[in-house]
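Biologist: Hey, could you walk me through this one? I'm new to it.

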Amino acid sequence: MKTIYFDNNATTKVADEVFEEIKPYFCELYGNPSSMHTFGGQVGIKIREAREKAAALLGCDPAEIIFTGCGTESDNAAINGVLAAVPNKRKIITSRVEHPAVLSTCRELGNHGYTVVELGVDKQGRLDWGELEKQIDDDTALVTVMYANNETGVVFPVEQIAELVKSKGSVFHTDAVQVVGKIPLNLSKSNIDLLSLSGHKLHAPKGVGVLYVRKGTRLAPFMLGGHQEAGKRAGTENAPGIVGLGVACELAAKNITEENEKVKFLRDKLENAILEECPDSMLNGDKENRLPNTSNISFEFIEGEAILLMLDKFGICASSGSACTSGSLEPSHVLRAMGVPFTAAHGSIRFSLSRYNTEQEVDYTIEKMPEIVNRLRELSPFVAK
Amino acid sequence: MWEYTDKVKDHFFNPHNVGEIEEPDGVGEVGSLACGDALKLTFKLDKNGKIKDAKFKTFGCASAIATSSVLTEMIKGLTLDEAAKITNRDIADYLGGLPEQKMHCSVMGREALEAAIENYRTGGKKKHELEGNVVCTCFGVTDKEIERVIRDNDLTTVEQVTNYCKAGGGCGGCQGQIEKIIEKIQGDKAGQLTETPPRWAGRLTNIQKIQLIQQTINEQIRPALRAHGGDIELIDVEGDKVIVAFRGMCAQCRLTEFTMKEVVEAKLREFVSKDLFVEEDKESAKEPHNHRG
């Protein structure tokens, strides 16, 4: 059975071009990039080139790129590193719909004396701007708001937030893990101070991420024990991962517009057909301000895990905000923050596409989805015959 | 991904006895849309008082559907007395086991069966009612139900109770009460949780004691309250009296005095000193609620 992969917000396929490029870094080009000999030094040169490629995609200076181990590390390092560098300020502002990499980190700081403000969102998942303006003050060390939500794809007005934060003399970090490669960025023209990205969300391997740190932003080192990454993040570099991320960034920069048009076309086709063919289904999140690849749909009266397993039987991979898939007893914190009724949150499915998806895959899923929904509704006590 | 047995998968993909029996002898309905799973069981008896036919309708995950399906299979041909003896463990065993966190699905099956039998025995008039006192307000679980799952499955920890009947899995405010129920039923077996002496053995100075209380509130108590939009603040410590204020959702909860105080007290006694007792600061409780942030 062929796998139809619609779970690209979870992780993505490593691009063939990326894989080809990183192969030699295991058994042949295994030298330490910091070594004095040419054998290691040549790897150092490749890492420099990868840094330049990542900087080109982000529109920043290569010196503003810190390679990390993953998006979560970038988020943790940004938040903790800013607070450590500004010890006299005690307030953090974030949103209720952040990825746990940000939310848990902030809440943990809340346990250690920081005041943590979690901004709410409206029914479309849009940020409460008024609350942000009200809350940001002289004591605010950091504002951290995601660029786009991983579950709904809703994009936040981070450039405006960054401007506001700057005018108030605070620091702004954004988790852009779902955005890099999907929305063109130019950080040299932006007021964003720190930005996190993750390699495996844009067709690079797992185990590599980036923390962008604007020049002049005070950030405490987060890994000690070496000179790597300007002493901020010590440790021998993950050379294959970093080289791979460089290639992935290059590919993304080259194809971003064309790809997004294709992906958006497929996503819209899938979404419109499902909403039309499946009664009592609804879209979660602001339809206008959304990533081109993400669609989050709730199916009333049925449960997400059951839908996923049915899809899985047809080789279709998606994800759900239902309680049962998380192992916790409550559905997605993002959908709950948006005020999506529990009944709909339990039956939510996220489809997230990539450039590797085809129209045939979309058509096949459109064909199967109503069948699955009807089948489960036949079992449901909440659907009258 | 959950590791389901082949039998679970089989009953999920090809469920048996889906539907509702017309003019049934017994109907059992448990769960709700909000809770994430719900089951409606109907059965019909033959002239010898044995279950002739049983059907189900279920809203829920794969294990909820599979559980319902096997339940209808298991009870066919049984008298009601025989059927009433089926435990959730029997249902789970029949499926070749369920993941621990999915055991509540088997409990839901047993509850629906009980409700249906009760419905028949009361002449079809009585709908299922909760027996006992509600302990977990988030999921509406009573002390009787908690006692039942502890006995049927030989449970010894709060986490297990949550896996089996959801109690304690929401705001966590009832976890202290669940511990007490476990202790009552399991006696020494449940000792690990409540009878451990404070982890701090030496004599504490006042400063150390206050720091340790604050640390315990931060690490052991607050996260559970936060999960449901509540919060707690340490106001003062006078000798062994710890004065706290509840914020957000916790402050609005009618059960504050009974449950929250007990949970906080139990945690502080476990981690700081056996002599501590907790009082709620009435002044600050009257103030406008300080929601998160």
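**A first look**

Modeller: Helices (H or I, at least four residues) and strands (E, at least two) are DSSP runs, numbered from the N terminus. This is a predicted model, where local features need pLDDT of at least 70 and side-chain atom pairs count only at pLDDT 80 or more, while totals for chains, interfaces and linings use all residues. Residues are numbered from 1 along each chain as its sequence is written, and chains are lettered from A and ligands numbered from 1 in the order in which they are written.

Biologist: What share of chain B is buried?

Modeller: Of its 293 residues, 43% count as buried (20 or more other C-beta atoms within 10 Å of the residue's own, with C-beta atoms placed from the backbone).

Biologist: How do H6(B) and H7(B) pack?

Modeller: Helix H6 (residues 143-153) and helix H7 (residues 158-165) of chain B pack at an angle of about 105 degrees, with axes 10 Å apart. Axes are lines fitted to C-alpha atoms, for helices over the stretch in contact, and angles run from 0 to 180 degrees between N-to-C directions. H6(B) and H7(B) are therefore roughly perpendicular (65 to 115 degrees).

Biologist: Which residues of H6(B) and H7(B) meet?

Modeller: From H6(B), Glu145(B), Ile146(B), Val149(B), Ile150(B) and Asn153(B) meet Val161(B), Tyr164(B) and Cys165(B) of H7(B). By class, that's six nonpolar, one polar and one charged. Here Ala, Val, Leu, Ile, Met, Phe, Trp, Tyr, Cys and Pro count as nonpolar, Asp, Glu, Lys and Arg as charged, and the others, Gly among them, as polar.

Biologist: And at what angle do H1(B) and H2(B) cross?

Modeller: Roughly 85 degrees, with the axes coming within 8 Å. That makes H1(B) roughly perpendicular to H2(B). The H1(B) residues in the contact are Val8(B), His11(B) and Phe12(B), and the contact of the two helices has six nonpolar, three polar and no charged residues.

Biologist: Switching to chain A, how many of its residues contact chain B?

Modeller: 27, and they contact 26 residues of chain B (C-beta atoms, placed from the backbone, within 7 Å). Among the elements of chain A that each supply at least two residues there are strand S4 (115-119) and helix H13 (359-379).

Biologist: What domains does chain A have?

Modeller: Domain 1 (4-11 + 256-379) and domain 2 (16-252), with bounds from an automatic or database domain assignment. Their C-alpha centres lie 28 Å apart.

Definitions and conventions
Two residues are in contact if their C-beta atoms, placed from the backbone, lie within 7 Å. A residue is buried if 20 or more other C-beta atoms lie within 10 Å of its own, exposed if 12 or fewer, and partly exposed in between; C-beta atoms are placed from the backbone. Angles under 35 degrees count as roughly parallel, over 145 as roughly antiparallel, 65 to 115 as roughly perpendicular and the rest as oblique.
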